[in-house]
Amino acid sequence: MMRTILIRLFLISTLSLLLSCPGGGTGTPPSDPNIGLYHNYAEIDAGLHALAAAHPDIAQISTIGKSLENRDLWAIKISDNVDQDEDEATVILLGTHHAREWIAADVPYLIAKHMIENYATDPAISTLIDNAEVWVVPMVNPDGHQYSITNNRLWRKNRRNNGDGTFGVDLNRNYGYNWGGPGSSGDSFSDTYRGPSAFSEPETQAVRDFVQREAPTALISYHNFSQLILYPWGSTYAAPPDEALLSDLARALRDKIQVVHNATYVPQQASDLYLASGDTIDWLYGVLSTVGFTIELRPRSSFPGFELPESEIQPTFEENLPAALHLIDWAIQRHSTTSS
Ligand SMILES: [Zn+2]
């Protein structure tokens, strides 16, 4: 057992060393290195395009904007009459604000793929797709994600050159509600650097404009790790006006997740974890009064932390699928009672 652990630690440290020195220091890193069962940017790009091409009646791909390094921020829309903007509930799934959180790209991507590929055969899914407009953006921070593959596995921020020798803005501290508040840093070196102003980054600007355009009924932003279902507020300990609704819904999502593989995700107000200002969910709720959750995916603790083994991609997807479907169903009910 100990021997196995030692060998494993050796392999992990060797791998980290290789990853931190792309190409062994002899040349330019490959543009899209393979990361095993995890999807890199090129694979998500190709995968979304293939899904839309194979299912043009219910899936359409578009870009919501570009990253700093000019990568398209791909979105796939899943709905019947997909080329029309119908009066239906809209739900948005966002992935990978934080570069090192690879599972947070795979889960929304695999949810989109599953919904599209099972539309014809699963009546529960076809009902949701017929009555809602679901948008999935698996990778909000593709530049950082790429950098976490080629240079630094534990990179978190985007790749903004801050002009002072430091790089990166924490995209999940850059949104414009209580921007600059507690739980964000004004120090450009910090991993939670909020940027020079609210929405200073093209990635958060793109999400802002896209979310305002689509006016969703509900949204999930995927992160890892800790196995938590977080609802507003993050920037204050004060209770949100809709605390009962948010906590009930969070508990329902927890139950949907738990029944699949018996993994426990804890529902709580985001600030109960730690104060964080300028995140997606506070902006969504504070400015647009829209219900949103940050789901912190597997694992539960710091070992293995961000480096979730690829054998856990599939179960993490499987347990999060029914929770996402439940939220879409909830949004459909809510939309039908709030629109005349
Ligand atoms: Zn995160």
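**Entry 1: helix H5**

I began with helix H5 (residues 142-150), where 8 of the 9 residues are buried, so the helix is largely enclosed by the rest of the structure. Buried means under 20% relative accessible area, exposed over 50%, and partly exposed in between, with a 1.4 Å probe and protein chains only. Helices (H or I, at least four residues) and strands (E, at least two) are DSSP runs, numbered from the N terminus. Among the buried residues of H5 I noted Pro142, Asp143, His145 and Thr150.

I wrote down that this is a predicted model, in which local features need pLDDT of at least 70 and side-chain atom pairs count only at pLDDT 80 or more, while totals for chains, interfaces and linings use all residues. Residues are numbered from 1 along each chain as its sequence is written, and side-chain values use heavy atoms, with hydrogens and water left out.

**Entry 2: the zinc ion**

Which protein atoms are the donors of the zinc ion? I found His98 (ND1), Glu101 (OE), Glu101 (OE) and His223 (ND1), lying 2.1 to 2.3 Å from the ion. Donors are N, O and S atoms within 2.8 Å of the metal (3.2 Å for Na, K and Ca); water is not among the atoms, so sites may look incomplete. Along the chain the donors follow the spacing H-x2-E-x121-H. His98 lies in the loop between strand E3 (89-95) and helix H3 (103-117), and His223 in strand E5 (residues 218-224), so the pair ties together parts that are 125 residues apart in sequence. I also looked up their accessibility: His98 is buried at 3%, and His223 is buried at 1%.

**Entry 3: the sheet**

I traced an open sheet of 8 strands in the order E1-E2-E4-E3-E5-E8-E6-E7, with mixed pairing. Two strands pair if DSSP finds at least two bridges between them. Strand E1 (59-66) and E7 stand at the edges, each with a single partner strand, so one side of each has no neighbour in the sheet.

E3 and strand E4 (residues 132-137) pair in the parallel sense over 6 bridges, and Leu94 stands opposite Val137 in E4.

Strand E6 (residues 228-231) and strand E7 (residues 266-269) pair in the parallel sense over 4 bridges. Here I saw Ile229 opposite Pro267 in E7. From E6 the chain crosses through helix H7 (residues 243-261) to E7, a right-handed β-α-β crossover. Right-handed means that, with the strands pointing away from the viewer, the path from the first strand over the helix to the second runs clockwise.
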